[in-house]
Amino acid sequence: MNDLAGKHIVLGLSGGIACYKAAELCRALVKDGATVQVVMTEAAEQFTTAVTMQALSGRPVFTSQWDARTSGGVDNNMAHINLSREADAIVVAPASADFMARLVHGRADDLLSLMCLARPIDKVPLILAPAMNREMWAHPATQRNVKQLRADGTTVLDVGAGEQACGETGDGRMLEPEELIYDIARFFQPKPLAGQHVLVSAGPTFEAIDPVRGLTNLSSGKMGFAIARAAHEAGAQVTLVAGPVGLPTPRGVGRVNVKSAQNMQKSLDLLVPGATGVISAAAVADWRPALAVEHKIKKDGSGAVPTLSFVENPDILATIAASPRAKSGALYCVGFAAESHDLEEHAQAKRLRKGVPLLVGNIGPATFGQDDNALLLVDDQGMTELPRASKLVLARQLVAEIARRLPG
Ligand code: CTP
């Protein structure tokens, strides 16, 4: 994605088995466009070597506050100052229990802790990826330290759960490199939706004909999932209401799986009272078979074909948009229009018909299943085009457009 293009990250390693993942993280940061300066504690060097980290980062590694080499282009023998001044963030991964305890107390007895203390706190954020045994993580002292670090403005990422190197199972593993990259990219995104709770519907619906057959459409859910991710990156609490798709849930996003349009409406109705926004990206089936057949429809050998009759599904979005909270502006509703032709005209008409302030038009056959798309935003001011780009890039732009339009 190159989400971190132009960012300079100081990657700190403190002591822990998870140092093996830090090598992978370093590689992933570089691949994502960042430049990386590695700083290791003496304990980290017991688990991986400066040689490995130098090879992966393409820069000499610093391990000691007494290292007299040029740092940050300066020859003043003050690596702890120079290295942090050029950083967009210091990421300590793994952050051991001991390292976090030392940060809490403002200790500065090795290069990495010294650098964390000496960094300009408003300009160079500190992000920690804790890694330790489950008992160490659960210990009140560690939990107290995490709380204090957060209160001091440090971003302490979650830990993973599962099998640990010590043979025990529980919370405390360091997140996987791809999860860390995701969280670091999220950290750098602006937060215009902080305090909002956004519902996103995504994917197709599936309308059963009998227990083994049904009607659906070609929506892949990718656009809706990208919007859920982008809204979460923008600081919102996000719940995805997803039709039957096999996509992974974006990190930090809640998910409710549904099948039919009626299921989707029921789930959204339960969630809407706590929400401040609804983005209806789902390709909801307009009709469903009139009869729900309990058993599989069998051929009788005569060549006769079954006759299906349909009833119209509820218009989920139009119903939500007609609610008093939506009308008062307390619930901001965004609709999508999947069209095959005359996008502009259909999108304008659909916005009025659905009663939503913003409608996002796209050409269904050109986007279903693809990784990229192009959007046409329609509101009472006119139209805004978002030219073809990856769905995540478009989702971030759309979220920024929505944030600009939120009342107040
Ligand atoms: N939608 C909905 N409930 C439905 C049908 C659509 O909530 N029963 C929502 C979609 O999630 C989307 C918007 O309404 O945000 C428009 O969906 P679309 O399928 O493009 O339009 P339709 O209303 O179905 O109209 P048509 O099929 O005639 O274009």
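The model is predicted, so local features are given only where pLDDT is at least 70, side-chain atom pairs count only at pLDDT 80 or more, and totals for chains, interfaces and linings use all residues. Residues are numbered from 1 along each chain as its sequence is written, and side-chain values use heavy atoms, with hydrogens and water left out.

**Ligand site**

- The ligand sits in the largest pocket, where a pocket is an open set of points, on a 1 Å grid over the protein atoms alone, with protein on both sides within 12 Å along at least five of seven lines, and sitting there requires more than half of the molecule's atoms to lie within 2 Å of the grid points.
- Around the ligand there are 14 residues, of which Ser-280, Ala-282, Asp-286, Lys-350 and Lys-354 come nearest; a residue counts as near if one of its heavy atoms lies within 4 Å.
- By class, this shell has eight nonpolar, two polar and four charged residues, with Ala, Val, Leu, Ile, Met, Phe, Trp, Tyr, Cys and Pro counted as nonpolar, Asp, Glu, Lys and Arg as charged, and the others, Gly among them, as polar.
- Strand 16 (332–339) supplies at least two residues of the shell, as do helix 11 (316–321) and helix 13 (343–354), and the largest share, four residues, comes from strand 16; helices (H or I, at least four residues) and strands (E, at least two) are DSSP runs numbered from the N terminus.

**Contacts with the ligand**

- Oxygen atoms of the ligand lie 2.6 Å from a polar side-chain atom of Asp-286, 2.6 Å from an N or O atom in the side chain of Lys-354, and 2.8 Å from a polar backbone atom of Phe-336.
- The protein covers 81% of the 570 Å² of accessible area that the ligand has on its own, by the Shrake-Rupley method with a 1.4 Å probe.

- Five strands form an open sheet with parallel pairing, in the order 2-1-3-4-5, and two strands pair if DSSP finds at least two bridges between them.
- Strand 2 (35–40) and strand 5 (155–156) are at the edges with a single partner strand each, so one side of each has no neighbour in the sheet.
- Strand 1 (residues 8–13) is joined to strand 2 by six bridges, and His-8 stands opposite Thr-35 in strand 2.

**Backbone details**

- Most residues other than glycine have a negative phi, and most peptide bonds are trans.
- The peptide bond from Ala-93 to Pro-94 is cis, with omega near 5°, and Pro-94 lies in strand 3 (residues 89–95).
- Asn-77 has a positive phi, near 60°, and lies in the loop between helix 2 (50–57) and helix 3 (79–85).

Terms used: Polar contact = N/O pair within 3.5 Å; in protein donor to acceptor, adjacent residues only side chain to side chain. 1 Å grid on protein atoms, 1.4 Å probe; cavity = no way out; pocket = protein on both sides within 12 Å on 5 of 7 lines; lining within 4 Å.
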